[in-house]
Amino acid sequence: MQRSILTVLFCILITAGSPTAVANDVEPVFDLQRLYTSAEDQRVLLLLVSQPGCHYCDQIREEILQPMLASGLYDKTTLIREIKIYAGKSLRDFNGEEVDATGFAKRYNAWATPTLLFLNRSGEEIAEKMVGINTPEFYGYYVDKSLETAQASLSQ
């Protein structure tokens, strides 16, 4: 009997989702004004503009952004977040105004998905946005290059 209970408990532990899987999810952002926790926080905001049912958005999230989060290499330099357009969601922008997520994305001419925006804490673009996926095998490289450009912009 004890052996059966231990076996069941072991199976439950094995099949339960690991805590790191949840920690590596790209968080949706609903309040950009409160995203930065201190005045000294000068990280780049890497913002994925996605929409429901977008296969390429899922691909970027799962193959690029989640591994970036899991690596821990970007924690001190980059905030990685997501907004979904065409989903009826709203958010608070950098000025504290409540806006529709789709309207917010249009401010950056980010109507196609996936789009990656590279923003500073004021919401200014500090590297050229990435629209779509042209070369999946080099996409991570291009993201890193854009982040280098964005970081250099913050250092000036």
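1. Aromatic pairs. The model is predicted, and it holds 3 aromatic pairs, counting rings whose centres lie within 6.5 Å. One of them joins Tyr 141 and Tyr 142: the ring centres are 5.6 Å apart and the planes meet at 65°. An angle over 60 degrees counts as edge-to-face, so this pair is edge-to-face.

2. Exposure of the tyrosine pair. Tyr 141 has a relative accessibility of 48%, so this residue counts as partly exposed. Tyr 142 is partly exposed too, with a relative accessible area of 39%.

3. Aromatic cluster. Phe 94, Phe 104 and Tyr 108 form a cluster. Ring pairs provide the links between them.

4. Strand 3. This strand covers residues 78-84. Of its 7 residues, 6 are buried, so strand 3 is largely enclosed by the rest of the structure. Buried here means under 20% relative accessible area.

5. Partners of strand 3. Pro 28 has Glu 82 of strand 3 as its bridge partner. Strand 2 (residues 44-50) is also parallel to strand 3, with 7 bridges between the two. There, Leu 47 is partnered by Arg 81 of strand 3.

6. Crossover. Helix 3 spans residues 55-71. Together with strand 2 and strand 3, helix 3 makes a β-α-β unit, and the unit is right-handed. The strands of this unit are the parallel pair joined by 7 bridges.

Technical notes: Residues numbered from 1 in each chain as written. Predicted model: local features only at pLDDT ≥ 70, side-chain atom pairs only at ≥ 80, totals over all residues. Heavy atoms only, no water. Phe/Tyr/Trp six-rings, centres within 6.5 Å; stacked < 30°, edge-to-face > 60°. Buried < 20%, exposed > 50% of the residue type's maximum accessible area, 1.4 Å probe, protein only. Helix = DSSP H or I, 4+ residues; strand = E, 2+ residues; numbered from the N terminus. Pairing = 2+ DSSP bridges. Right-handed = clockwise from strand over helix to strand, strands pointing away.
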